[in-house]
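Here is a short walk through one protein model. Start at a single residue, then step back to the whole chain.

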Amino acid sequence: MKRLLIALLAVIMLVSVCACTKDPGAKDGVLKIGMVCIGDENDQGYTYNFIRATETAKKALEDKGIKIEWVIKYNLIEGEPVAVANEELAEAGCAIVFNNSYGQEPAMLQVAGDYPDVQFVGMTNEGSWKDDLDNTHNAFNRIHEGRYVAGVVAGMKLQQLIDAGTIKPEEAVIGYVGAYSFAEVISGFTAYYLGAKSVCPTVTMKVSFVGSWSDATLEGQAAQTLIDKGCKLISQHSDNTTPATTAAQNNVFHTGYNADMMSAAPTASIISTRIDWTNYFVYAISAVAEGKNFDADYSHGMKEGEVVMTTLNTDIAAPGTQEKMDEVIAKIKDGSLEVFDTSKFTVNGETVTSQLAIDKTGDFVPDEGEAISGGAFHESQVPGLMSAPYFALRIDGIEWLNEAY
C-alpha cells in the first residue's frame, strides 16, 4: 500500500473516473481487465500490436457473452512506476492484469502476492511460471517461427539481387537491429538468419544491439551503422519503425516486427511477422470469467494461428515469394520443417549435439534441461522448460558488433 500513498493523486483521479473496488470481478456485468504497457500505440510496433489484440479479443469475448472493459496504463518500462500501476489496477477492481513487456515482471511480482484474488500475467517473461504464487502466469508465443519465414522472404530478395548482378554473392549481408544480447533476441535473429540462408546460401548477418526495447533514435542510428558497414537489408527486434525508414532513406530493403511497416517505408519494407495475442487474451480472460484455472506458462505458434505474417509487399518482393512462404509455413505447421535443424548451422565450425548456452563471458555452459533431440533444437516446446526463448547459441555466419545485457 506504500506505493498507493506515493501515487495518491493518481488513485484519487482513478476513483473519480470509475467506481473502483478492491474486489476483482464483474461490475454491472462487465469484467474489468488491466494492462501495463511499455509504450503506446503510437510506436506503430510492439505496443500497437497489443492494442490491436485488445480490440479483437473484446469482440471475440462479447461473442461468447463475456463483456469486458480494458483499463490500460501506457509508457511504463520497469521498476516502481510499474509496481504502482499494477497495484492501482488491482485496487481498481481488475480481475486480471497483463504486463506486456519483459522488464516489467519483477515489479509485477512485488505486487501479485498482495492480491491473491487477482491474476497477473508477465507476457514475454519467464519468472511467473516457476514462482511460488498461484496467481501469476507467463505467455510467450513462438515468434521464432515467423522470424524464420521473414528470413526466407529476405533471403529471396537478396538472391534476386545477386541473380540480377546488382550485388555480388559476398555482398548479401543482412543488418539486424537487436534490443539486448540475450536468448529472446538471439533466438529470433538466428531463426531469421537460418530462413534467409535456406534460400540464399552466401548470406551473412551483422547484429547491432541498442540496449533498449524501445528507443526510436537509437534504433535508427543502429540501422544506419549497419548500412554503412555494407548491409543490403535491415531487420529488427526493436519496437519502432525507424529501422524501416532508415532503410528506405538509404535505398536498401527491410523486414519488420510486430506490425506492417509498409506504410512507414513502402519502398523498403517487404513484410513483418508478429504475435497475434487475441487467442491468449480470450483464453485467459474466459478462464477468469468462468472461475477456472489457466496455464502458468503458455506458448503456441503458427499452427494455432498465434504467430502470423503481415501482407507481403509484392511491389518489391522477389518473384515467387508468396508461393515459397506458403510452402514454408505449411511445413512449419505440420512439423516437417524444424526452424533450428542442427544440421543447418554450426558453432565454431562444429555441429551442436547437446543443449548448451553461452554465458556473458562467451563460455559454453550447460542449460536447464535438454532442448536438442531428433536433430533439432526445440525452442519453447520442451516440457519443464519455459515458454520464453532459451536458444542462446552464437552460430557461425552472424557477427555481433557489440553486446547489451
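Ser-235 lies in strand E9, which spans residues 233-237. Strands are DSSP runs of E with at least two residues, helices are runs of H or I with at least four, and both are numbered from the N terminus. This is a predicted model: local features need pLDDT of at least 70, side-chain atom pairs count only at pLDDT 80 or more, and totals for chains, interfaces and linings use all residues. Residues are numbered from 1 along each chain as its sequence is written, and side-chain values use heavy atoms, with hydrogens and water left out.

Is Ser-235 buried or exposed? Ser-235 counts as buried because its relative accessibility is 2%. Buried means under 20% relative accessible area, exposed over 50%, and partly exposed in between, with a 1.4 Å probe and protein chains only.

Ser-235 touches Gly-175, Tyr-176, Val-177, Tyr-192 and Thr-255, leaving aside residues up to four places away in sequence. Contact here means heavy atoms within 4.5 Å. The side chains of Ser-235 and Thr-255 are also joined by a polar contact of 3.0 Å. Such a contact is a pair of N or O atoms within 3.5 Å; within protein, one must be able to donate a hydrogen and the other to accept it, and residues adjacent in sequence count only if both atoms are side-chain atoms.

Now the whole chain. The protein chain has 11 helices and 18 strands. Of its 405 residues, 57% count as buried. Among contacts with a separation of 6 or more, 67% come from residues 24 or more positions apart.
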